[in-house]
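Please keep the sequence and the model at hand while reading.

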Amino acid sequence: MATLIDLQTKTDAAIAALEGGDYAGAVRHCNAALLILATTPDSNFDGNDQIRFDRQGATQAIQAIKRSANAQAWNASNSVQEIQYERG
């Protein structure tokens, strides 16, 4: 089972990739982190200590990174896309 250290490692790698402009790498590391979140239960400890994960927020963040990656790729290409339509 993955640990919180594994989760932090993937998150740090995703942030580093994002800051370096490697959006594909950022998405890959985010997906790995999200998989860890999906398989790690929220936990309650003695007293009032607890760990709860915002899985929906993580999913939304990944979607935002994907949108940014697509926008960056589109802007970097500076090319014209030819579109052909066919009838029938």
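The lining of the largest pocket divides into 12 nonpolar residues, 1 polar residue and no charged ones, where Ala, Val, Leu, Ile, Met, Phe, Trp, Tyr, Cys and Pro count as nonpolar, Asp, Glu, Lys and Arg as charged, and the others, Gly among them, as polar. The model is predicted, so local features need pLDDT of at least 70 and side-chain atom pairs count only at pLDDT 80 or more, while totals for chains, interfaces and linings use all residues. Residues are numbered from 1 along each chain as its sequence is written, and side-chain values use heavy atoms, with hydrogens and water left out.

The largest pocket has a volume of about 190 Å³. Among the 13 residues that line this pocket, Thr11, Ala14, Cys30, Ala33 and Ile62 are the closest to its centre. Helix H1 (4-19), H2 and helix H3 (55-77) each supply at least two lining residues, and H1 gives the largest share, 5 residues.

| Residue | Place | Relative accessibility |

The side chain of Thr40 reaches the backbone oxygen of Ile36 at 2.7 Å. Leaving aside residues up to four places away in sequence, Thr40 touches Met1, Phe53 and Arg55, a contact being heavy atoms within 4.5 Å. The C-alpha atoms of Gly25 and Gln50, which are 25 residues apart along the chain, are separated by 31 Å.

Terms used:
Polar contact = N/O pair within 3.5 Å; in protein donor to acceptor, adjacent residues only side chain to side chain. 1 Å grid on protein atoms, 1.4 Å probe; cavity = no way out; pocket = protein on both sides within 12 Å on 5 of 7 lines; lining within 4 Å. Points joined across faces, edges and corners; volume = space filled by probe spheres on them. Helix = DSSP H or I, 4+ residues; strand = E, 2+ residues; numbered from the N terminus.
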